[in-house]
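Thank you for making time for this.

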Amino acid sequence: MNAEEPTGSVWQEPEKDRHAEFKKLREQFPILSSKVYGKRLVYLDNAATAQKPKVVIEKVRDYYETGNANIHRGVHFLSQEATEAYEEARTEAQHFVNAAETKEIIFTRGVTEGINLVAQAFGRMAIGRDDEIILSRMEHHSNIVPWQILCEQVGARIRVLPMDNRGELLLEELPKLINARTRIISVVHVSNSLGTVNNVKEIVRIAHENGVPVLLDAAQSAPHIPLDVQDLDVDFLVFSGHKVYAPTGIGILYGKAGFLNKMPPYQGGGEMISSVTFDKTTYNKIPFKYEAGTPNMAGGIGLGTALEFVQDIGMDEIAAYENEILDYAHQVLLKTPGIRIIGTAPKKSGAVSFLLEDFHPHDVGTILDQEGIAVRTGHHCTQPVMDFFKIPATIRASFSFYNTFEEIDILAEGLHVARSILGSGSRHH
């Protein structure tokens, strides 16, 4: 840096450019120009689902208008063209998570189906009576209930990795939980209700030292953090397309080929077979062994387009900008009277959960909605987390790269309105 330049000037200019670039990207999302109750929509519910860019909307529409056909089995032009587009999306997903081979990418309906698939297929192969499954205290219900169902089926049990009051996992407790009966560890990458980013590499290191495979729920990390399954060395990874700007009803299960080849099918039907007689069925090779029936072709093709879209922006750039948004949201909320943030881990991504005085989150959320601000209120399908903090629910603001600093200020103003209205109401009672 030139000694005559003002200190910090080198860093300020790229930062301004980045903000302008991301503000420009908002134009790719038609819904963001909507109005709610006559006010500009401020969409802060991205952890529930992200909005869709024009390129994805147009790709799905184009498929139905010009290329709709069932895939893999047809010899005609439309079928072959649709098959090629669908398999290109699988390759896009392979690149997105840096899988070693495309056959390690299984299309699912989303994280929930992906975890159920592993619980049933891996479970039938490797988990029996008195075996143990380790989950963390901060798991989404989708990473609890499938394992409970398996435990009821086979007589296994769940052990829980605890967390502290900041919402950080106590990783020093993990080696104490692992024993000769531990069969799998299934853990979230980024908590949907706290925003905590877990130290996956350390979890995997401890697990693999003990010969235990790891499933990673990347539902909340895939939109915000670069993913590299080979670097993380996870054995399974799941994410949902609709949180990464793709259509609903489509998702990805990544699995190491060694596991996927050994595991039995999750569902039976068309496409997942090699041959069928009434005496015996032989199964297709991976990934098709796990993709029974007519798939969500439009969703898969839309997912491929969405993943290409975010990779063109750059996941590192997205992460850097969203971290600035998240940091600013914390600063603004901490200056807002009556706010208590739930989840204060030093490493967070994507979301901030909080309470406003002793007002019920649903009441606050309803008033924010009248101000045009979309947030999520409730237990966020993490009731064990709410039980830990002894609260029924939180208000959650969750962010995307299309959100702006101005929208955080609008959220703060909305909270002042809610505090004024709810505080006034409580005084009258």
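This is a predicted model: local features need pLDDT of at least 70, side-chain atom pairs count only at pLDDT 80 or more; totals for chains, interfaces and linings use all residues.

Beyond its neighbours within four places in sequence, Ile367 is in contact with Val417, Ala418, Ile421 and Leu422.

Helix α12, which spans residues 361–370, packs on a sheet, where it touches β14, β16 and β17, and its direction makes about 160° with that of β16. The sheet is an open one of four strands in the order β13-β14-β17-β16, with antiparallel pairing, and its edge strands are β13 and β16, each of which pairs on one side only. From one strand to the next, the twist averages 35°. Within this sheet, β14 and β17 are joined by four bridges, and Phe354 stands opposite Ile395 in β17. Another helix, α11, lies across β13 and β14 and runs at about 10° to β14.

Let me turn now to charged residues. The structure holds 25 salt bridges, and one of them joins Glu357 and Arg419, with an N to O distance of 2.6 Å. Glu357 lies in the loop between β14 and α12, while Arg419 belongs to helix α14, so this pair ties together parts that are 62 residues apart in sequence. Glu357 counts as partly exposed at 37% relative accessibility, and Arg419 is partly exposed as well, at 32%.

A second salt bridge brings together Lys256 and Asp235, at 3.2 Å from N to O. Here the pair ties together parts that are 21 residues apart in sequence, since Lys256 is in the loop between β10 and α9 and Asp235 is in the loop between α8 and β9. Lys256 is partly exposed at 22%, whereas Asp235 is buried, with a relative accessible area of 4%.

What, then, of Glu92, which is buried yet has no salt bridge? This residue is in helix α3, and the nearest side chain of opposite charge, that of Lys59, is 9.8 Å away.

Note on methods:
Residues are numbered from 1 along each chain as its sequence is written. Side-chain values use heavy atoms; hydrogens and water are left out. Two strands pair if DSSP finds at least two bridges between them. Helices (H or I, at least four residues) and strands (E, at least two) are DSSP runs, numbered from the N terminus. Axes are lines fitted to C-alpha atoms, for helices over the stretch in contact, and angles run from 0 to 180 degrees between N-to-C directions. Contact means heavy atoms within 4.5 Å. Buried means under 20% relative accessible area, exposed over 50%, partly exposed in between (1.4 Å probe, protein chains only). Lys and Arg count as positive and Asp and Glu as negative; His and the chain ends are not counted. A salt bridge is a side-chain nitrogen of Lys or Arg within 4 Å of a carboxyl oxygen of Asp or Glu.
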